[in-house]
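Hi everyone, thanks for coming.

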Amino acid sequence: MAGKCGQTFRIEPRIAGSTCQAIQETAAGLLVPAVEVDGIAAGAPVGTERSVEIDVAAPAATDCPQVWTIGGRLSAPTGSATGAVDLQPTASGTWTPVTGAQIVLPEAGRYLIEADARARISAFGPANVFISTRLFNVTAGTVIPASATLVFQTITDAGQNATGNQTATTGVFLTVAGPTTVRLEAMRVNSVGTSTAADILNDAAGATRIRFVKVAD
């Protein structure tokens, strides 16, 4: 470039020699470090608390500019179990674990827990008898709030025999600080008269189950 007095000046860009520079000056020209982005293959989480899988689609080596596509998908822990129990031998108003209907929440986080219970109860009138279920936090030793559900009730007059079955679902959100065991419990109640049979069933006609899915860390 020409100066005011006819002198010629040459301007050479200089780049600091720090190894942390994004661009480096070399004999062959400017060197720009490559950026490598790596994803996690489906079904291969990097830790027990990870609940979102990251997908990375790399460009071809010859693409210019190189555009990386990054996305995520929920890959939350899930689980389920089925069970049954005969409630007739237990006293009216006694909460009883449903054998087999127990799950383990594997890590800290917020979960949706649901349970389907199929109840059968019979009585000879006059009678008013019913079966309810609830969710119980075994690890904490406490009932999970707002989880009690009336599954089936039968009311019959004197001299009449009544029997039947019905399925009901309950669902709650539960936040836990670590691995937690949750079970389904059931209770028969003789409000009037006495039941002659009372069960939580799990057979070909319908399953009693408890299940969970993690919804947040």
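**A first look**

Of the 217 residues in this protein, 35% are buried, meaning under 20% relative accessible area, where over 50% is exposed and in between is partly exposed (1.4 Å probe, protein chains only). Keep in mind that this is a predicted model: local features need pLDDT of at least 70, side-chain atom pairs count only at pLDDT 80 or more, and totals for chains, interfaces and linings use all residues. Residues are numbered from 1 along each chain as its sequence is written, and side-chain values use heavy atoms, with hydrogens and water left out.

How many helices and strands do we have? Zero helices and 15 strands, counted as DSSP runs from the N terminus (H or I, at least four residues, for helices; E, at least two, for strands).

Now contacts, which are heavy atoms within 4.5 Å. Taking those with a separation of 6 or more, 69% join residues 24 or more positions apart.

On to the core. A nonpolar core is a set of buried Ala, Val, Leu, Ile, Met, Phe, Trp, Tyr and Cys residues joined through side-chain atoms within 4.5 Å. The largest one here has 32 residues, and Ile103, Leu105 and Ile113 are among those touching the most other members. Strands supplying at least two residues of this core include S7 (96–105), S9 (127–137) and S15 (209–216). Which strand gives the largest share? That's S8, with seven residues.

Last stop: Thr69, in strand S4 (residues 69–74). Leaving aside residues up to four places away in sequence, Thr69 touches Asp55, Val56 and Ala57.
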